[in-house]
Every structure is written in structure tokens, then in C-alpha cells.
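Open the model in your viewer and keep the selection tool at hand. The stops below run from one selection to the next.

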Amino acid sequence: MRPYFDRQRHRPEPGTSRPAGGGAGRHIGARFGDMEIAPKLAADTAAGLVACSQIMGMSIREDVGALFAKYHATKAALGLKILRLSKKKGWLVPPPLQVKRPENEREAVPN
């Protein structure tokens, strides 16, 4: 059986599951890693952005729309902080950019 956590790379081994117990005196599943918390926090922030946008669009009062515009700007700044932290810590690794499109790709696609 492989260890759950690779100490050299500071991240879980691919293909392994979380350990069953939470550790000394903790309930099972009571402890989450940073790599599990960060995506959930980012998803919740994105859902909050969508909700603020919907309320801004539906509101007929200008003061309510302006209030949720302020909340929207705050959540957008929080989302940017989460994104930067996730990239810095290595929890989010973006795929490599495709700089040049292959020439033979047009020929390979059937019409």
C-alpha cells in the first residue's frame, strides 16, 4: 500500500484515497486538507458572485442594486485572492497554453 501523502512534493499521491481516521481523538472525516478546502471556497465565492449579479439585475430600486454591486466587487476581489493563493501554493496548476495551432488539424477534421 502506498502512503497517502508524498512528503517531497507536499501533496497527496495520485490514485490514493484519504485515510479513514482523522487522527488523534478526531472524528472520521472531521479534518480536511487545504487542497480540498480551496476549491470549495472558490466555488462558493463564484456562486455568491452569480447571486449578486442576479439580484442587481432584478432589483427595481437603485439603492438595492448599488448595495449588491458593492457586495459583488468585494466577492470578486476575494475570488482573485483565492485564485492567486491557489496558484502560489500549488493547489491549482493551469494547463500549458497552446501557442501555435497545428497545420494539419484542418485536414484531420471530417466535414
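Start by selecting Ser86, which is found in helix H2; helices here are DSSP runs of H or I with at least four residues, strands are E runs of at least two, and both are numbered from the N terminus. This is a predicted model, in which local features need pLDDT of at least 70 and side-chain atom pairs count only at pLDDT 80 or more, while totals for chains, interfaces and linings use all residues. Residues are numbered from 1 along each chain as its sequence is written, and side-chain values use heavy atoms, with hydrogens and water left out.

Is Ser86 buried or exposed? Ser86 counts as buried because its relative accessibility is 8% (buried is under 20% relative accessible area, exposed over 50%, partly exposed in between, with a 1.4 Å probe and protein chains only). Now show what surrounds Ser86: leaving aside neighbours within four places in sequence, Ser86 is in contact with Ala38, Trp91 and Leu92 (contact means heavy atoms within 4.5 Å).

Next, select Phe68 and Tyr71. Both lie in helix H2 (residues 62-89), three residues apart, about one turn of the helix. The structure holds one aromatic pair. The ring centres of Phe68 and Tyr71 are 5.3 Å apart and the planes are at 90°, so the pair is edge-to-face (rings of Phe, Tyr and Trp, the last by its six-membered ring, pair if their centres lie within 6.5 Å; planes under 30 degrees apart are stacked, over 60 edge-to-face, the rest tilted). Tyr71 counts as partly exposed, at 35% relative accessibility.

Finally, select Ile37 in helix H1 (residues 34-58). Ile37 is partly exposed, with a relative accessible area of 42%.
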